[in-house]
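Dear colleague,

Please find below the sequence and structure that I am handing over to you. My notes on what was found follow directly after.

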Amino acid sequence: MTRTLARQITWSILGLTLFSSLAVIGPSQTQTPAAADLRGVIRLRVRIGSGEGAKAKGLARKRFFLIKGSLEENKSLMQSIEQQPLLSRDCYYRGLGASEALIHWLRESDCESIYCREVEAKDVEGAGAVREFQEAIAAGEKDFGSRELARKWLTVNLSDQIRDGYYRRRQDELQTLLKHAEQVSKATVLSVMTDLNGTAFFTDLEPGTYVVSNILATEIFGNSASFWNCEVKVKPGDLATEKPFLISNPGNKDPRDVRNIKCRSVDKPLPACPTANANSGN
Amino acid sequence: MPHSQRKLRQLIDSMKSFQLKPVALMLLSLILLFCSQQFSSSGQATGQKRRTRPAARQRATKPVTNYSKFSHSTRQHQEACKSCHQAPTNNWQKAAQDYPSQDPFPDVADFPGHDSCVRCHRAQFFKGARPVICGVCHTKISPRDDARASFRNLKAPGEFRIEFPHDKHQDVIAALRRRPNSFDFTPRSLVKLAHPPDEKVSKYNNCEICHAAATKAAVAPATGWIDAYVPPTDTFKVSPETHASCFNCHWNKQAPTRNDCAGCHKLGAPELHTRISMKFRHDGGGEKKNHVGECATCHINITKAATLRGLKPDVPIFPSCATSSCHQKVLNEELNNYNKAPGAFKCTKCHTTDVGNKKPPNSHAMALLG
């Protein structure tokens with residue numbers, strides 16, 4: 001009997017030892033799948049509408065940011081975002097004394113800089129020609145000996161302000177606010193750009209509360225600026241297959257969207273342009 | 001000896017006889033634990049150290065410099081690029097003949113001049129009738145022949161990787177594509193343009209300004225195509241092979257400019273990217289022989305990629321591929337077949353067997369729920 005008891009004690013010790021060894025070895029060899037499942041995804045969808053009867057459309061190619069923490073926790077940042085001075089693209093270029101043709105060219109494709117799209121032959125010749133482009137091509141033709149190459153490389157002969165001054169001004173504002181956001185939230189701010197359907201993904205997220213924000217006001221419909229600051233919760237294992245997190249503007253009355261909208265923007269009318277050359281120092 | 005004492009002695013003896021076994025097993029466990037720490041997940045020993053040769057022996061075999069080979073990684077060759085390279089070189093118009101599909105453009109299209117070499121390598125430059133150092137650039141070593149090797153030899157192993165921030169570039173390209181003859185910016189013009197034929201009318205700066213559809217058949221890997229599947233030309237998009245896509249903006253003002261080579265070129269092996277779905281055809285899918293949507297619809301993380309290092313395709317199966325009207329049925333069939341015979345069935349509708357024989361990731365199954 002004592003021999004049996006001794007054997008039982010020994011095998012218990014043995015089993016315990018092996019189990020504890022495996023428990024130590026296991027995690028050191030591979031990451032547990034559970035750890036990966038604890039991350040989440042936000043499938044963001046941004047759609048805007050212009051009132052009753054109008055179909056809502058995806059807001060394409062706009063940058064959105066994900067800030068860690070709740071709206072309350074980021075209160076000072078939200079105030080800074082909403083108090084930022086508004087200067088429309090049209091006003092910026094008018095302030096530089098840019099031609100109306102250039103302002104129209106930028107507005108056509110909602111461009112923040114000349115890099116936005118190719119300058120075509122019709123943009124430099126005929127009634128719709130843009131004076132700034134004509135001047136740049138003339139300079140390029142001298143440098144490269146080819147009018148066609150001068151057109152394709154047009155941006156290298158434009159002044160910095162005309163070329164991408166508005167974009168850089170917004171980037172400066174953005175960097176200031178991003179810095180503030182990272183100080184307040186004590187975490188890196190993630191960013192994505194919406195595709196043509198207004199969809200974007202934030203991936204590999206720690207569970208918790210976040211704010212989806214465009215940080216800089218987005219001009220929509222050419223007459224108003226929209227601010228999105230929307231709180232969203234990420235649960236462990238949230239997947240891209242989840243329903244999209246739909247955000248919209250107050251004007252979206254599309255019955256397809258209305259019930260699914262999680263958050264609406266705060267819209268402000270674009271202010272009138274300041275007097276000419278007020279912003280020429282940028 | 002009383003009975004109780006005899007019993008106690010028996011118990012002690014039996015314990016002694018079994019003490020060796022647990023000690024040995026505990027030792028074995030400790031060895032296993034030690035091994036697990038010594039080997040990385042790839043199975044390579046991380047703790048191994050090569051035996052070092054005695055210093056005296058190393059000194060005895062001083063390496064001989066091979067002056068017929070040039071390397072940018074040599075410390076003395078890491079001055080500012082423009083100390084050797086001229087941008088543009090005088091031959092740029094002539095050199096453009098190598099790329100007939102492109103209009104000529106000012107480029108760095110030739111080796112640096114002799115001055116760049118002579119200022120340090122005078123001794124090697126004038127050594128013998130046929131100095132080996134000349135072979136770095138010249139195909140024939142002769143004072144009467146200035147023929148040079150092709151400056152841009154794409155077959156040679158690259159010395160540089162490219163640093164390219166997709167995020168910055170994505171910000172400045174087209175905000176909205178428009179339909180032809182539609183110049184108003186009204187809500188009506190904010191339409192979903194999923195079908196590329198419209199955009200062909202006006203050239204908008206989207207990803208295709210750098211990543212156009214391939215026009216040449218892909219070169220087979222050294223080990224041959226897996227499953228003998230030769231991907232059609234429209235499988236791949238191309239990446240820029242020349243400076244034309246960069247210099248058109250980064251010529252003189254917009255940094256990094258043409259003389260700041262290190263702004264884009266970093267010493268190190270070029271990044272190589274692996275295709276997971278070899279049978280996916282960027283420009284060949286669907287009835288219209290063209291995948292609808294735009295690049296960022298599938299490559300969901302590209303707009304935040306600040307570098308090419310470690311860049312992944314990041315294509316979520318849902319909703320990119322598995323939405324109802326596209327590939328959901330095929331995905332369903334493949335997964336069902338795999339589940340019937342795990343390990344034996346290979347998913348070959350999208351993959352070659354090197355990928356298709358692996359267990360489908362969870363994303364594939366989850367896509368069907370979407």
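Two strands are said to pair if DSSP finds at least two bridges between them. In this predicted model, strand β1 (residues 40–48) of chain A pairs with strand β5 (residues 199–205) of chain A in the antiparallel sense, over 5 bridges. Within this pairing, L44(A) stands opposite A200(A) of β5(A). Strand β5(A) is mostly covered, with 5 of its 7 residues buried.

The largest nonpolar core comprises 39 residues, and those touching the most other members are I42(A), L44(A), L66(A), I67(A), F202(A), Y210(A) and V212(A). At least two residues of this core come from each of β1, β3 (63–68), α3 (75–82), β5, β6 (208–213), β9 (229–234) and β10 (245–248) of chain A. Leaving aside residues up to four places away in sequence, L66(A) touches V189(A), L190(A), F202(A), Y210(A) and V212(A). Another core, of 32 residues, lies apart from the largest one and includes Y115(A), L149(A), L158(A) and A244(B).

As to confidence, the predictor gives the complex an ipTM of 0.74 and a pTM of 0.74. Chain B has a mean pLDDT of 77, with 72% of its residues at 70 or more. Within chain B, confidence is lowest in helix α2 (residues 55–60), at a mean of 54, and highest in helix α10 (residues 353–356), at 94. Residues 35–52 of chain B stay under 50 in pLDDT, and the model has 12 contacts for them beyond four places in sequence. The pLDDT is also below 50 over residues 176–202 of chain B, a stretch with 42 contacts beyond near neighbours in sequence.

With kind regards

Key:
Residues are numbered from 1 along each chain as its sequence is written. Chains are lettered from A and ligands numbered from 1 in the order in which they are written. This is a predicted model: local features need pLDDT of at least 70, side-chain atom pairs count only at pLDDT 80 or more; totals for chains, interfaces and linings use all residues. pLDDT is the predictor's confidence in each residue, from 0 to 100. Helices (H or I, at least four residues) and strands (E, at least two) are DSSP runs, numbered from the N terminus. Two residues are in contact if their C-beta atoms, placed from the backbone, lie within 7 Å. A residue is buried if 20 or more other C-beta atoms lie within 10 Å of its own, exposed if 12 or fewer, and partly exposed in between; C-beta atoms are placed from the backbone. A nonpolar core is a set of buried Ala, Val, Leu, Ile, Met, Phe, Trp, Tyr and Cys residues joined through C-beta atoms within 7 Å.
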